[in-house]
Amino acid sequence: MYFTSPVFFAFLALVLTGIALLRSQPQKVLWLLAAGAFFYGYWDWRFLGLLSFVSVFEFWMAKRISQSSGARRRWWLALYVAVNLSLLSYFKYVNFFIDSLSPLLAPHGISIGTLDVILPIGISFFTFEAMSYAIDVYRGRLEPFDKWTHFALFIFFFPRMISGPIIRASDFIPQLSREIALTRSNIVEGATLFATGLTKKLVIADRVGAVADVTFANPAAYTAFSLWQGAVAYGIQIFCDFSGYSDMAIGIAKVLGFDLPENFNMPYISTSLTEFWRRWHISLSTWLRDYLYVPLGGNRDGAWRTYRNLFLTMLLGGLWHGAAWTFVAWGAAHGLGLAIERLTKDARASLWKAAPSWLPVGLGWLWTQLFVLLCWVLFRAQSFDQAAVYVARMFSVSTVGIDWAFGPLWVVLPLVLAAHIVGVLWGARPLGVLRVPSFRARLLWSLWALGILYLGTSRASGFIYFQF
Amino acid sequence: MATQMKRFATTFSQWLLAILLAGVFWEGFLRVAVEIPVPYRHHPKLGWLPAPHAYGLYTHEGRSITVYNEHGFREGPIEPRKPGEFRILCLGDSFVEGAQVNDDETFPRRLEAALSKRLPSLGTSSIRSVRVFNAGRGHSSLAATLELAASYREIFDPDFVVILFRDGSFRSARDRDKEIYLTMKGDHVATKVKWRGVETSKLKEVLLSHGLRSSAALHYGYVRAVQIMSMPSKPTEAEAPRQRPPEPPELVDHLLSGLAKAYPQAVWVHLPMQDVLTGPVVAAASEEEVLLRERAPQNIPVLFTREHINQSFARNHRPIYGFWNTVPGYGHANEEGHRLIAEALVDFFSRGSRLGARDGFGASSANTP
């Protein structure tokens with residue numbers, strides 16, 4: 001169920017009431033486990049079996065890995081990774097592979113149909129989370145947990161079940177050692193984050209989304225000016241949609257007394273792609289770094305291997321986002337961009353030595369944002385053809401086409417910029433006033449809540465990252 | 001205990017006051033920056049219409065001030081007919097009313113201005129002035145246009161009528177959400193009338209009945225709350241486009257022959273949709289075919305605007321739907337759309353005048369006092 005839906009608010013109220021009424025920690029853990037099962041089953045109860053299997057299998061496998069050594073230990077890990085990747089491949093990529101193979105096999109008279117596979121929502125997230133657990137156990141960084149219920153709650157913890165942030169068992173399960181309780185400070189902090197996310201989603205993302213939708217649907221019909229607006233609108237939409245969801249997830253978890261990792265940190269102020277990936281979808285970036293880039297060799301085996309590892313990591317990161325070649329190309333483009341940045345690092349440093357400090361920063365910001373924006377076109381496009389038309393027309397001087405100044409974008413853009421400036425200058429401090437129990441805080445809360453009601457769209461669409 | 005009660009009362013009253021103040025703030029903000037809703041009244045003959053002399057600020061598409069006359073139409077006062085005055089009545093739904101564009105940009109106003117200017121060159125000596133009435137009603141349908149014909153004739157006393165058809169007009173005439181709709185009873189057509197609030201709400205009605213003219217924020221909040229409550233709660237499979245069955249021929253025949261009888265001196269104007277997602281060129285709509293087929297026995301001229309739209313788009317690449325605060329190709333006709341309809345009608349009336357046929361001034365002028 002969507003965080004923005006009335007059903008979810010009723011569900012959340014019930015969950016919080018349960019937490020307030022239950023006395024013992026095991027009862028609360030079971031209650032949250034049941035809540036997670038209901039939350040996920042509300043979408044499609046048939047996949048509860050899959051999730052239950054994942055929670056039992058991962059828990060059991062981690063124990064096996066921990067209790068074995070040498071070659072046997074490696075075999076257990078290989079089996080474990082193979083099962084996880086098979087699950088992900090079957091549910092998420094089987095039709096992608098079939099579709100990609102079909103044109104190659106067709107000339108030889110071989111025809112393979114497609115399978116009617118429903119993608120379990122959030123599978124990319126919970127598979128990665130579960131894998132990190134057993135891999136950490138294999139590496140000896142983590143002892144397997146004793147209680148299955150604790151591990152199951154790690155899988156079934158509803159705030160982050162569908163779209164992250166990707167959390168690791170080593171960060172989550174130890175939190176169960178402290179009492180699950182509702183405290184005023186957690187509620188206020190969580191509510192602040194939730195309201196921030198709701199504002200990003202309803203007031204910003206869903207409003208500018210319409211601009212991106214029309215320009216991407218038929219880019220050949222628009223002028224360069226319109227298409228640039230569409231691309232910027234999508235950049236804002238995907239940021240506010242996904243970071244909005246993350247804020248809501250982190251906020252709900254906070255209300256329940258859990259800390260989830262930060263997932264976004266003003267990515268559009270980045271002055272390099274490396275910085276961008278430290279600020280964008282942080283939980284995925286760090287997962288890819290720790291479980292893919294580092295095992296591939298990281299930057300330990302010379303420059304060219306580093307470039308290769310960067311490229312491969314981002315390529316697979318792109319594939320993680322979706323079963324389409326445009327996502328793979330998007331990942332590859334970012335991998336290439338990161339490699340180029342690293343390759344030219346020294347040359348740039350010597351080039352800018354005599355220049356004023358703002359110049360490389362400004363140019364770095366421009367390069368990063370332009371690169372990210374053009375890559376978003378690839379990410380959003382339905383096909384390479386569409387992306388090619390879009391980008392070609394973005395740089396076309398032709399005045400033929402719909403030349404449209406999209407009002408909502410020009411209202412939202414300064415707001416997003418202002419929020420970034422406030423964030424850079426003061427961080428989250430301005431929101432601190434909401435945490436003090438005073439009339440001023442109550443008035444601000446009322447203004448904010450009514451503002452979301454009045455200014456938010458009433459036709460909230462699904463979260464973009466649900467599809468991944 | 002007493003201290004706790006006191007603390008609770010203080011907190012509670014602070015929250016109430018905070019919400020009230022926030023409401024006042026948003027009321028002001030919405031009224032200045034967002035919208036002023038039009039109050040509606042129930043007219044004994046015409047049903048729910050904007051209250052007499054009401055006004056509103058419309059911002060959902062574009063930004064315009066709408067002013068209504070003593071009957072609740074987006075018009076000036078309806079004065080007694082002047083000698084030599086030719087009266088054209090424009091009927092239809094919100095696409096005629098044109099709340100999204102300024103008053104002088106609606107096609108009835110443009111038509112009036114253009115015809116008045118051209119009058120001397122049209123060779124219609126008996127006609128000294130032209131008055132075009134905008135009787136477009138939001139959320140209305142052709143079923144209401146037909147059912148209310150007698151009232152419209154009584155109020156406007158028209159010499160000629162322009163009826164706007166759009167894609168889905170026949171379907172809309174069967175829409176049970178409309179105040180007046182047609183329904184099939186066996187093989188005969190029945191008209192249902194169920195007066196109720198048009199784009200209004202119970203809360204709004206209560207507020208307005210107590211003279212709370214400026215209920216913008218409360219109304220806005222109420223509508224938003226209802227909309228938010230009906231938001232989807234889980235992802236849904238993308239629905240395959242549903243193939244709608246064509247409207248029953250009996251219903252279409254009832255509607256068109258009824259309109260032809262009720263408004264014999266008329267022109268039917270067809271305004272198609274322009275979906276820029278699939279390509280801005282407007283393809284032939286099924287309604288066009290029906291109108292062409294049905295117009296012969298009725299002997300009513302039909303104006304198709306499809307080619308006008310396509311030519312206009314080829315010239316200036318501007319869709320006739322969509323506004324600065326919406327996306328192109330969606331929603332109501334913009335000022336370009338209204339200009340285009342007016343242009344087609346001016347052309348039609350000019351030709352009719354030259355031909356002396358019942359298509360325009362020629363035959364109709366006989367009715368002019």
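Hi everyone, let me start with a term: the radius of gyration here is taken over C-alpha atoms, and the rule for a globule is 2.2 Å times the number of residues to the power 0.38. This is a predicted model, where local features need pLDDT of at least 70 and side-chain atom pairs pLDDT 80 or more, while totals for chains, interfaces and linings use all residues; side-chain values use heavy atoms, without hydrogens and water. Residues are numbered from 1 along each chain as written, and chains are lettered from A and ligands numbered from 1 in written order.

So, chain A. Why does its radius of gyration agree with a compact globule? Because a compact globule of 468 residues would have a value near 23 Å, and chain A has 23 Å. Its C-alpha trace spans about 70 × 65 × 55 Å along the principal axes. Chain A holds 18 helices and 0 strands, counting DSSP runs of H or I with at least four residues as helices and of E with at least two as strands. Of its 468 residues, 55% are buried, meaning under 20% relative accessible area with a 1.4 Å probe, protein chains only.

Now over to chain B. Where does B:Lys178 sit? You'll find B:Lys178 in the loop between α6 (169-172) and β8 (180-185). B:Lys178 is buried but has no salt bridge, that is, a side-chain nitrogen of Lys or Arg within 4 Å of a carboxyl oxygen of Asp or Glu. The nearest side chain of opposite charge is B:Asp175, 4.4 Å away; Lys and Arg count as positive, Asp and Glu as negative, and His and the chain ends are not counted.

Note on methods:
Buried means under 20% relative accessible area, exposed over 50%, partly exposed in between (1.4 Å probe, protein chains only).
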